[in-house]
Amino acid sequence: MSLREKLQNGKFVVTAEIGPAKGVDIHEFNENAELLKGRVDAVNCTDQQSAVMRLGSLVACHLLNQKGVEPVFQMTCRDRNRIALQSDLLSAYVMGVENVLCLTGDYVTLGDHPDAKPVFDLDSVSLLHAAQQLEQGKDLAGKELKGTPKFFLGACVTPGADPVEPQLIKMERKVKAGAQFFQTQAIYEPKTFEAFMKEAKKFGVPVLVGIVVLRSAAMAKFMNKNVAGIHVPDELIDEMDKAENKLQKGVEIAARLINEMKGMCQGTHIMAIGLESKVPAILDAAKL
Amino acid sequence: MIISELKPLPEILGYLDGDKKIFIVGCKGCAEVCQTGDEPQVLEMKQKLGQEGKTVTGYCVVDFLCDKALVKTRLFPHEDEIDAADSLLVMTCGIGVQATAAVVNKLVHPAANTINVGGSRGEWRGSERCRECGDCVLDLTGGICPLTACTKWLINGPCGGAKNGKCEVEPDVRDCGWHLIYERLKKLGRLDKMQTMPIVKNYAKMQPPKELRSTIMWALEQQETKV
Ligand code: SF4
Ligand code: SF4
């Protein structure tokens, strides 16, 4: 069953993400893919995450397909204009990639090529719209396509944003533009997520709660200071601080969060960021 | 000089849908030269709006609409007329519209598209910026330009990155444009505007016209091929 079918059948799904290598050595990527195979329902390939130049997300998705792991193609609008984006959507379909996560993307100055010229011809909402147009047999210029693709379109939302209302307004726009599922920014406070889901439920699209695995108290503090929409409460920072085996603690907290929020949503999206090898342990601990 | 051209009347009327009483603001700066916002155009607009069943509560043509301090003093005597209006129609460039929005607590609608801010930038003393996109969306954003106020020039709402109202890209120096837009629309009770944005932006009008893009050599070659 595909990710789409599982969500439609009401199965609680698990997705995880892997960042393609910075370079052409795909050993680690392959290892991580093997590790996740059979344990998760689909794997996201990030698209030049944090505006850092790497191996392409579409090629990584193709590698996953070859391994029998269902990919989610992350697409950002930072590096390509509407012509290239639509072309890559067609390419994805031809290569058997159905799931596409439409993102705006981080700004170039945050990455490793701050001198680059950012594109942002489209944004997350208009990219969804473009994909939906293609599915209807037309491109953004209204020109007919020879053969029409079919996607399972996803988008991202930040439930912990303050204020959250503009996020919800944008979420509604994303649903209207074609989003069929959402993966969220990391959440460490189930209460915040519960309040968000109360509002988001009305859109009737599945939401996968985002989990970022903690590595240390310092990492948590860093995210609190620098990453918008992420708030790690003091108790969790304390817990990490006191733990002897930090990695194990991070795994334990991730599993606990999944269990606490499982009942509120339709799946979970685990962003291990370098700790991909720990994902099976998290799933074991969460009994998934 | 800032070049602007009037939007088609149906587009303007679309903005005013639901608003019965309008106050018109014109500009004697560049808009006078472009014939988008000088007194004759303001009066013509007043008449047209009247024909469409709108009441124009008053109008004011400001010397330079890009100078916020000036706008404030010039609009002051019209306070009652502005209070009586549902919204304001501003007939000038994007900067003038933004400057007006910054000093009144009413929704402002742009009557023109800004196609070029080249040359002298008027009396512009504010923080307002215009990317001369040629298809002004200020009507939908409470008079704050998303193309210049948002680092990623998003037109469909905020990314998830703002923190304490600051932009994720330059948190020390820059407010999140979409946070400003959201706060303003909320204050005006018009958050519905955020839902009506055009999803895809047309950037064609941002390209300089052929004549300006060309070099003399290029122009000569063009002529030669024609001969
Ligand atoms: S939307 Fe912004 S860039 Fe475009 S004309 Fe209006 S003020 Fe200028
Ligand atoms: S934080 Fe705000 S201003 Fe900055 S890119 Fe995101 S939406 Fe735009």
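**Ligand shells, backbone and interface**

Guide: Ligand 2 has around it Cys150(B), Thr151(B), Lys152(B), Pro158(B), Cys159(B), Ala162(B), Cys167(B), Glu168(B), Cys176(B), Gly177(B) and Trp178(B), where a residue is near a molecule if one of its heavy atoms lies within 4 Å of it. This is a predicted model, in which local features need pLDDT of at least 70 and side-chain atom pairs count only at pLDDT 80 or more, while totals for chains, interfaces and linings use all residues. Residues are numbered from 1 along each chain as its sequence is written, chains are lettered from A and ligands numbered from 1 in the order in which they are written, and side-chain values use heavy atoms, with hydrogens and water left out.

Visitor: What makes up the shell around ligand 2, by class?

Guide: The shell has seven nonpolar, two polar and two charged residues, given that Ala, Val, Leu, Ile, Met, Phe, Trp, Tyr, Cys and Pro count as nonpolar, Asp, Glu, Lys and Arg as charged, and the others, Gly among them, as polar.

Visitor: Which residues surround ligand 1, and what is the make-up of that shell by class?

Guide: Gly94(B), Gln98(B), Thr114(B), Cys130(B), Arg131(B), Glu132(B), Cys133(B), Cys136(B), Val137(B), Leu138(B) and Cys145(B) surround ligand 1, and by class they are six nonpolar, three polar and two charged residues.

Visitor: Why is Ala51(A) called buried?

Guide: Buried means under 20% relative accessible area, exposed over 50%, and partly exposed in between, with a 1.4 Å probe and protein chains only. Ala51(A) has 9% relative accessibility, and therefore counts as buried. Its place is the loop between β2 (42-45) and α3 (57-67) of chain A, these elements being DSSP runs numbered from the N terminus (helices H or I, at least four residues; strands E, at least two).

Visitor: Why is Asn164(B), by contrast, called exposed, and why does Lys138(A) count as partly exposed?

Guide: Asn164(B) has a relative accessible area of 70%, so it is exposed, whereas Lys138(A), at 33%, counts as partly exposed. Asn164(B) sits in the loop between α7 (146-149) and α8 (177-187) of chain B.

Visitor: What makes the backbone worth a second look?

Guide: Most residues other than glycine have a negative phi, and most peptide bonds are trans. Ala51(A), however, has a positive phi near 60°, and Asn164(B), which is not a glycine either, has a positive phi of about 50°. The bond that joins Asp162(A) and Pro163(A) is cis, with omega about 0°, and Pro163(A) lies in the loop between β5 (152-157) and α6 (165-177) of chain A.

Visitor: How do you know whether the radius of gyration of chain B agrees with that of a compact globule?

Guide: The radius is taken over C-alpha atoms, and the globule rule is 2.2 Å times the number of residues to the power 0.38. For 227 residues a compact globule would have a radius near 17 Å, and chain B has 18 Å, which agrees. The C-alpha trace of chain B spans about 60 × 45 × 30 Å along its principal axes, and 50% of the residues of chain B count as buried.

Visitor: What is the area buried between chain A and chain B?

Guide: Buried area is the accessible area (1.4 Å probe) that two parts lose on being put together, summed over both. Between chain A and chain B it is about 2,400 Å², of which carbon and sulfur atoms give 56%. Tyr107(A), Ile169(A) and Arg173(A) supply 24% of the area that chain A buries against chain B, more than any other three residues.
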